[in-house]
Amino acid sequence: MSDNKKWYSLDLGLNNKKESSGSCGCGKSEGSCSSTPKEQVEEELSPEEFYEAAINASIGEERHRDGFEQVFDVKMDRRSAFKKLTASLLIGAGAVTTSCSVTTGSDTKEKAQIDWEEQFKGNYKLMTDEEKQGTINRLMRSYELRTDKKINMTAENAAEDVLFGYAFNISKCQGYMNCVNACVEENNQDRNSEMQYIRIHEMKDGEGFKFDKADDNYYHEVPAEGHFYMGTQCFHCDNPPCVEVCPVQATWKEEDGLVVIDYDWCVGCRYCMAACPYDGRRFNWSKPEVPEPEVNKNQHYLGNRMRKKGVMEKCTFCVQRTRKGKNPACVEACPTGARIFGNLLDPNSTIRWVLENKKVFRLKEDLGTEPKFWYFMD
Amino acid sequence: MKNRTLIYSVVVLLGVSLFSCKGEEEYHSISDKIEGESKPYHGALTSEQLLADTELIEITEGEHTFLIPERKGQIKSFACIECHSKPVSQMIGKDAPKAHWDIKVNHANSDAMNCATCHNGEDMNQLNTLTGKNIDFNLSYKLCSQCHSSQFEDWKGGAHGKKVAGWAPPRASNTCVNCHNPHSPSFEKRWPVQFNTKTAIERNEGLGH
């Protein structure tokens, strides 16, 4: 923060002498970096001045111009501010106490150790392969300690030369909803709230796609006379708006095209849910619960592992299956063959044949989201 | 000073024009990306293990070569000639045990099709084409494709039907009779397998706000 600039300026080596002083420890050239400077200031400032300085450091001049003020103008005393800031540390301290205690069992200590390490792990996207292995080992052990049952969790990375894509035949779908059931069972979705990633819309023949008039929760014999069926789920856009809006980078597009979520990094703000034009994302309002015998124990870190309350989730094209060469559960369960899945980069794949030989279209193509989910007809 | 600004802006412009289309976002659309990075997949992922327990035969139809499940081993009473030791015409009226009494043909109308359209009455171990050529039970799709030519085209390409295992090569696709009962090929009407009671409550009563 050598010259207190709030903007980025291109350094072509003309100001070399200033370089040595650098910015702050975090390496950013802009204002808010970490709490360290704030804590230093805190010693000599009154609460009001501290509050003022904190706001200046975080949003600066902007607060006079936009709605941030409403959020930041909440009076918060130093005590509650620090209470919030150190919430994580308190959890950690609790873990330390447990692990150092002589009265608690070794299982409890191990659990506390795992909780501690899980609490302070980084974003999955930035982890090395060893760190990924480390976290899934901890999660597997933690599940075993809590339930006495073993799960098998993996962290396969995207395979090379693979880009997943999906095609849906609207003349074949009969609305049986076997896919919906298979998806819920495969992906350990919350049974209480009956969360479902897939929606099957029953639409009237001859009226086109009218989602407002379609019924996605029908219960009568299907296919109903004069209707057709089409399914929606996460389309794994190549230009995903949900990823753009995530303030903490808890969701991103993998090399093989899957848009995934790090459930442990998600803060539950639901911006992504609002940004998705296809209603592809779901939120856990309550703690997801699955009866132990029904839990699918073949899990992937980015896929069907057990989620927690207050995080987003969605279809992952069954990453735990597809990165092993299998088809997603919905494709496997479909009795009519309306669902086709494959590698878009392989010219010999069936999905490529569909794209090249059938008349395909995507939903809301004009938005430029580039969904990797095509619809076609016989 | 003005000169320097000018030079800077020229440099920036050049840089932008040179590098803007490079790097990760090299393609303007997903179809460009598919076209640009297209190459036959010979990677580590395969369906071979998933297919290990399935008896498969390789077929080549036009430019497509893929695997389909073997059929004869799946038919309970194959070989047919164990009972049909003589041509059907000679067995009519015999006091032989009745084995297929429950089969009703619900496939086209009776003017267009009867048993003999597909089955060879002289040699029950074989199927026969419309022109009387023998077709092996394993290759029954050749029989279906005589009439259902557009479905056959889609099936060969992979737009009709289902894969046996995963997306990864080698490709193994179900053949017609794995999904369709040849005697009654259309899918039945039935109830959906699930109903979302929570959604129904939300829609009917609102969220309680």
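I take two strands as paired if DSSP finds at least two bridges between them, and I take helices (H or I, at least four residues) and strands (E, at least two) as DSSP runs numbered from the N terminus. The model I am reading is predicted, so I note that local features need pLDDT of at least 70 and side-chain atom pairs count only at pLDDT 80 or more, while totals for chains, interfaces and linings use all residues. Residues are numbered from 1 along each chain as its sequence is written, and chains are lettered from A and ligands numbered from 1 in the order in which they are written.

Entry on chain A overall. I find 13 helices and twelve strands in chain A. Of its 378 residues, 35% are buried, where buried means 20 or more other C-beta atoms within 10 Å of the residue's own, exposed means 12 or fewer, and partly exposed lies in between, with C-beta atoms placed from the backbone. Among contacts in chain A with a separation of 6 or more, 60% are between residues 24 or more positions apart, a contact being two C-beta atoms, placed from the backbone, within 7 Å.

Entry on a sheet. I looked up an open sheet of four strands in chain A, ordered β10-β2-β12-β11 with mixed pairing. Its edge strands in chain A are β10 (339-343) and β11 (360-361), each of which pairs on one side only. I see β11(A) joined by two bridges to β12 (residues 373-376) of chain A, and these two strands run antiparallel; A:F361 has A:Y375 in β12(A) as its bridge partner. Helix α13 (residues 350-357) of chain A packs on this sheet and touches β2 (164-169), β10, β11 and β12 of chain A, its direction making about 110° with that of β10(A); the axes are lines fitted to C-alpha atoms, for helices over the stretch in contact, and angles run from 0 to 180 degrees between N-to-C directions.

Entry on backbone exceptions. Most residues other than glycine have a negative phi, and most peptide bonds are trans. I note that A:D279, not a glycine, has a positive phi of about 55°; A:D279 sits in the loop between α10 (271-275) and β7 (281-283) of chain A, and is partly exposed because 13 other C-beta atoms lie within 10 Å. B:A108 also has a positive phi, near 55°, in the loop between α4 and α5 (115-118) of chain B, and is exposed, with 12 other C-beta atoms within 10 Å.

Entry on cis bonds. The peptide bond from B:F78 to B:A79 is cis, with omega near 5°, and B:A79 belongs to the loop between β2 (64-69) and α4 (88-91) of chain B.
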